[in-house]
Amino acid sequence: MRNLVPVLSLAVALFSITDCFSQRKISMPKSTTVDALMKEHKVPTVGISIVENGKLKQVRMSGSLPGHASVPENTLFNIASLTKPLTSTTVLILVSKGQWELDEPLYHYWVDPDVANDERHKKLTTRHVLTHQSGLPNWRGHEPGGKLSFSFEPGTQWKYAGEGFEYLRQALEHKFKLPFEKLVDSLLFKPLKMNDTRFYWDATVDTSLYANRYHEDGSAFELETWGDANPSNLVLTTVGDYARFGIGVMNQAGVSPAVYQEMITSQVQLKNKREWGLGWSLIKGLSNGEYALVHTGGNPGINTMVILLPQSKRAIVIFTNGANGNKIFDALVGEAIDVGKEIVERMK
């Protein structure tokens, strides 16, 4: 009988932890809240998906889409930099399979001609890219002469850099002799049944389902299409498909436990106690004991966001096609998640 008390205590503790997570709810923001914010900020279309207990609980489309009486659930958005977690996860799956190394120099597979004479290119690794410590610019097109160059030695500073992901894409393609989009499709999109997700426009895209971009004043951009894969930007997908991706991340689909721990381990300390892991912004030490994986995306006329809470298997995905779309995130996240206001404050 003397051994029974510790066992009962452990059982009670485990039940309390499980019960604690089961009580943490997530809910779709009220339609009145969404409609009011859309009207105030001139955002034509908003898609939101909610994940609870590791399952896609609800998808709601609000606003309007030309040619449709209501906004379909399979409306396609350009998700901007929410493309990056797709690339990061694909790479971590390859690492988990033993087919790629986080700390192997990328020059073993690819050297960009612009930096071939800069010895710093020999230090650049996948870890540097996924943690935005590559030393490369966000876009080379914004640099003098449109040339790629290092602004600091890889691994010594944090600077958000889309070009790092492009460098990584080139290295992957040269090693695996496969177009990047086919690699991602086979390792990520197909296993997670992300059937409405693609890197670029092709003959199968129904243009009437595309949520075109809108300016701050509510006027539309000219329709823009593209025909090349970008590992950092421009993926076309739905809020439902991206929620399936989030569920896959939280379930560690294809990613080994050891690599997952690397992913959620702080690699860089940022302000407001925010950290950066492998491919994700990390917000740890929330008041309910959880941590969050967060990423946002933004292009002219587009703003997107995803928040994952892996311990309780909850998530919210928000896509908008308005230049002011980011201005509605705080209120929606604060209403949807019990620790939403904390997360929003830590992201500033």
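A salt bridge here is a side-chain nitrogen of Lys or Arg within 4 Å of a carboxyl oxygen of Asp or Glu. Keep that cut-off in mind; the model on screen is predicted.

**Stop 1: Arg 314 and Glu 290.** Select both side chains. They meet in a salt bridge, 2.6 Å from N to O. Glu 290 sits in the loop between strand S7 (281–283) and strand S8 (292–299), while Arg 314 belongs to strand S10 (residues 314–320). The two are 24 residues apart, and the pair links distant parts of the chain. Glu 290 is buried, at 1% relative accessibility. Arg 314 is buried too, at 1%.

**Stop 2: Asp 338.** Asp 338 is in the loop between helix H9 (329–336) and helix H10 (340–346), so its pairing with Arg 314 in strand S10 ties together parts 24 residues apart in sequence. Asp 338 is partly exposed, at 44% relative accessibility.

**Stop 3: helix H7.** Select Asp 241 and Arg 244. Their salt bridge has its closest N and O atoms 2.8 Å apart. Both lie in H7, 3 residues apart, about one turn of the helix. Asp 241 is buried at 2% relative accessible area; Arg 244 is partly exposed at 34%.

**Stop 4: H3 against H7.** Now show residues 83–96 (H3) with residues 239–250 (H7). The helices pack at about 40 degrees, axes 12 Å apart. The crossing is left-handed. Pick out Pro 85, Leu 86 and Thr 89 on H3, and Tyr 242, Phe 245 and Val 249 on H7: these make the contact. By class, 5 are nonpolar, 1 is polar and none is charged.

**Stop 5: a network.** Finish with Asp 112, Asp 114, Arg 140, Lys 147 and Glu 163, linked by salt bridges. The whole structure holds 20 salt bridges.

Key. Residues are numbered from 1 along each chain as its sequence is written. This is a predicted model: local features need pLDDT of at least 70, side-chain atom pairs count only at pLDDT 80 or more; totals for chains, interfaces and linings use all residues. Side-chain values use heavy atoms; hydrogens and water are left out. Axes are lines fitted to C-alpha atoms, for helices over the stretch in contact, and angles run from 0 to 180 degrees between N-to-C directions. Helices (H or I, at least four residues) and strands (E, at least two) are DSSP runs, numbered from the N terminus. A crossing is left-handed if the near helix is turned anticlockwise from the far one by less than a right angle, and right-handed if clockwise. Contact means heavy atoms within 4.5 Å. Ala, Val, Leu, Ile, Met, Phe, Trp, Tyr, Cys and Pro count as nonpolar, Asp, Glu, Lys and Arg as charged, and the others, Gly among them, as polar. Buried means under 20% relative accessible area, exposed over 50%, partly exposed in between (1.4 Å probe, protein chains only).
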